[in-house]
Structure formats: structure tokens, C-alpha cells
Amino acid sequence: MSKLTVSQIKDALLEVEDESHELLAILAKDERKSVQKLLEKCHKRLQNQQIMFRVHQKRLIHEMAAYEAGYQVIAGLDEVGRGPLAGPVVVAAVVLPRDCQHLLVGVTDSKQLSHAKRLEFARQIREVALDLKIVAIPPAIIDRENIYQATRQGMKAAVEALRVKPDYLLLDAITIDSDLPQESLVKGDQRSLSIAAASIVAKVYRDELMVQYSQTYPEFGFERNMGYGTKEHLVALDRVGYTPIHRRSFEPVKSMYKTYES
């Protein structure tokens, strides 16, 4: 092994996925400091992967309990965009395969992921999901029903639109009007893989929608604030008024009279 260059060893270590790999024992005897540094880096990578895998298994506890109870098809649901002053609230229902022990490792609450990670995981989720449905509830319905009820209605619609019909629902701190058995989990997007997957696809969808809105209403910086009440957004509201995608039941929009003119 000492005949291999450091560059060759670096490439070989990238292929190692288990601490029991014989290459690690061989390299432990290599006296080159550069090789030992690569070996240490590899051990740290493998340790982090093990930690991530254990956390991943914990995110499957609720799904596995439902399967053990006799349920066959589980849908995870979550929403994105309850708090913004503008844009829809977006809900997603995702049905993942039963065996996800080694799928979507690292998927968690969308707010804890970088934009790049969300995009990559959203792609992976769409590839492996048995079915998923996204529903966007517009501001007019939010204003009429209130944000909580609008979210519940959107979730119900998403479940009913699934082609692969679930017999059990996992939701993030909410319940919906449905005859289906359901479990509401506080911080569910951190505790359930199915809910986390729903949060990611909903977040990616809503962010892309707000970027599109930013082209129609460039003054508000929607591509940066996604409709939340940032200073930039509030200043624009005061200067040019509210738009058709603003939520009239949310302050300070509720108290405003000036409407946007393109």
C-alpha cells in the first residue's frame, strides 16, 4: 500500500463506507503524516455518517410503529408559509416506501437545511416517493377562513388528491377533518421522515413560487424574504401599498389602504 501515492490513497478512501474496511487497517501502519491525516479525516466522515444514520432511524420510529399496528400506507403532511404577509400557505402530502432504512438519510425539517440541500433532497424525495401532492392555498382563502383552518383544508385536499391512498396520517402539530387514523407530532418535521419529506417539497415549491411573484412585484424582494415581514418588505409596503397576493387579514396589511399599482 505504501507504493500508492497520497493522491491515490485519497481517492481510495472516498470509496470506504465502513470502519471494518481492510484498507483502514492497512493505512494505519503507513508512516506518512499526509496519509495519517487522510485516515483521520476518513474516520471522522464515517463517524458522522453513523451518527446521521442513527438519527435517521429515530425518524422512522412513528412510521414503523404504524406498520407494526397493521397500517399499510402512511402519508406524512406538513405546511410551509403560515407566517408570511404575502403568498399562499403551501401544504404537501408525501407517501414514502415502507423500507426507508437507507433512503433519504439526512432529510429533516426544511428550515434546518441549506437551499442547495433542500433542492437535492426534494429531487430525491420525488424519485423515491410512491406518491405526493402539493396544494397551495391562496391569500383570499387564508383571509376568509384564517390561516389555521386554511392549512387544515389544504392538508385534507392534499390527502384526498393522492392516487396512492393512505390508511394512516402523520402530521406536524395539527389534525385534519378526516376519517383516517392520524397522529399529530409536536416538531413532527424533526421526528418523522414522512413529515420532514413533506416539509421539504412544500418549502421548495413555495420558494420557487415566491421567486416568480418577485418578477411581478419587484419592489418587495420576495425572492429574498419569501413574503415574510422583513424590513425591506415593510418599507415597500409603506411606499407602494399591498398587492393582490398580500394577506389582508394580517397586520400591518390589514390596516393599510394603499394598493399596489404596477
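Helix α9 (residues 193-216) lies across β1, β2, β3, β4 and β5, running at about 40 degrees to β1. Welcome to a predicted model, in which local features need pLDDT of at least 70 and side-chain atom pairs count only at pLDDT 80 or more, while totals for chains, interfaces and linings use all residues. Residues are numbered from 1 along each chain as its sequence is written, and side-chain values use heavy atoms, with hydrogens and water left out.

**The sheet**

- Five strands form an open sheet in the order β3-β2-β1-β4-β5, with mixed pairing.
- At the edges sit β3 (131-137) and β5 (182-185), each of which pairs on one side only.
- On average, neighbouring strands of this sheet are turned by 20 degrees against each other, direction ignored.
- Helices (H or I, at least four residues) and strands (E, at least two) are DSSP runs, numbered from the N terminus.
- Two strands pair if DSSP finds at least two bridges between them.
- As background, strands of a sheet pair through backbone hydrogen bonds, either parallel or antiparallel.

**Strand β1 and its neighbours**

- β1 (residues 74-80) pairs with β4 (residues 168-172) in the parallel sense over four bridges.
- On its β2 side, β1 runs antiparallel to that strand, and six bridges join the two.
- Alanine 75 stands opposite valine 95 in β2, and alanine 75 also stands opposite leucine 169 in β4.
- Isoleucine 74 has tyrosine 168 of β4 as its bridge partner.
- Seven of the seven residues of β1 are buried (under 20% relative accessible area, with exposed over 50% and partly exposed in between, for a 1.4 Å probe and protein chains only).
- One side of β1 carries Ile74, Gly76, Asp78 and Val80, the other Ala75, Leu77 and Glu79, and all are buried.

**Strand β4 and its partner β5**

- β4 and β5 pair in the parallel sense, again over four bridges.
- Leucine 171 has serine 184 in β5 as its bridge partner.
- β4 is also mostly covered, with five of its five residues buried.
- Its buried residues are Tyr168, Leu170 and Asp172 on one side and Leu169 and Leu171 on the other.

**A helix across the strands**

- Helix α7 (residues 147-161) lies across β1, β2 (89-95), β3 and β4, running at about 35 degrees to β2.
- Contact means heavy atoms within 4.5 Å.
- Axes are lines fitted to C-alpha atoms, for helices over the stretch in contact, and angles run from 0 to 180 degrees between N-to-C directions.

**Pocket and cavity**

- On a 1 Å grid over the protein atoms alone, a cavity is a set of points where a 1.4 Å probe fits but cannot get out, while a pocket is an open set with protein on both sides within 12 Å along at least five of seven lines; lining residues have an atom within 4 Å of a point.
- Grid points are joined across faces, edges and corners, and a volume is the space filled by probe spheres set on the points.
- The largest pocket has a volume of about 220 Å³.
- Of its 17 lining residues, the closest to the centre are Glu79, Val80, Gly81, Lys111 and Tyr228.
- α9 gives the most to this pocket's lining, with four residues.
- The largest cavity has a volume of about 50 Å³.
- Residues lining this cavity include Tyr67, Ile74, Cys100 and Leu193.
- The elements giving two or more residues to the cavity lining are α4 (61-68) and α9.
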